[in-house]
Amino acid sequence: MDWYPLLNSLRIAVISAAVVFFAGIAAAYYIAKLPRVLKGVLDVVLTLPLVLPPTVVGYLLLCLLGPRRTVGAWVLETFGTRLTMQWWSAVFAVTVVVFPLMYRTARGAFESFDEDLARAGKTLGLSNTYIFWRIRMPCCRQGIIAGAVLSFARAIGEYGATSMVAGYTPGRTATVATEVYQLWRIGNDALALRWVLVNIAISAVVLLAVNLLERRR
């Protein structure tokens, strides 16, 4: 059994989860301070990948990153590198798909924060940076950690956008999700079932971690 799809899925998920962790927190924190209309528009735009079919997200990314498209063509001409059909191309797709999970969870955690604590800190002369890292984040840490774990779990199982942007090449771009589909397509149900069980085991562990965090909360 070739373990490359699992290792590739894990590194894609780790990189994507790290990116959306910081990007989601920053977006949730700063967008919450914007005027209501602008905040509503940005909230719709940033949450849209959560409700769009992953294949639609993949198509939109191809329209942007494809070798004959604006960004993809420029990168290919300037650096000689294709932004699609590489293992790391999946990072773009997975990041866009899972970002709304981290963003919405972080926003919910920040909205439940008692702003009186921040105001009390300001009256004591504490900086906004200190208040954010030493007061706001510790109070919201369980919700934020839960969002990060869910984002990682979603990243492990992402298929639609990944298959369109990174494709499927054994030993190069294969992930657990694309491997299952290809094995099913060629009729290798036994090996496909093994990968399904691996994915279920990982997802179960992640959901157990989320439940433990919720109980502690």
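Arginine 107 and glutamate 111 are 4 residues apart in helix 5, a separation of about one helical turn. Their side chains meet in a salt bridge, with an N to O distance of 3.2 Å; the term denotes a side-chain nitrogen of Lys or Arg within 4 Å of a carboxyl oxygen of Asp or Glu. Arginine 107 is buried at 18% relative accessibility, whereas glutamate 111 is exposed at 55%. Here buried means under 20% relative accessible area, exposed over 50%, and partly exposed in between, computed with a 1.4 Å probe on protein chains only. The model is predicted: local features need pLDDT of at least 70 and side-chain atom pairs count only at pLDDT 80 or more, while totals for chains, interfaces and linings use all residues. Residues are numbered from 1 along each chain as its sequence is written, and side-chain values use heavy atoms, with hydrogens and water left out.

The whole structure contains 5 salt bridges. In one of them, arginine 119 pairs with aspartate 116 at 2.5 Å, N to O. Both residues lie in helix 6, 3 residues apart, or about one turn of the helix. Aspartate 116 is partly exposed, at 45% relative accessibility. Salt bridges with shared partners join Asp43, Arg104, Arg107 and Glu111 into one network.

A further salt bridge links glutamate 115 and arginine 136, whose closest N and O atoms are 3.0 Å apart. Glutamate 115 belongs to helix 6 (residues 115-123) and arginine 136 to helix 7 (residues 128-156), so the pair ties together parts 21 residues apart in sequence. The relative accessible area of glutamate 115 is 32%, which is partly exposed; arginine 136 is buried, at 8%.

The secondary structure of the protein chain comprises 10 helices and 0 strands. Helices (H or I, at least four residues) and strands (E, at least two) are DSSP runs, numbered from the N terminus. Of the 217 residues, 40% are buried. The C-alpha atoms fill a box of roughly 65 × 45 × 25 Å along the principal axes. In helix 9 (residues 176-185), the buried residues include Val176, Ala177, Thr178 and Leu183.

Backbone geometry was also examined. Just after helix 9, glycine 187 has a positive phi of about 85 degrees. Methionine 85, although not a glycine, has a positive phi of about 60 degrees. Most residues other than glycine have a negative phi. Methionine 85 is placed in the loop between helix 4 (70-79) and helix 5 (89-111), and is partly exposed at 35% relative accessibility.
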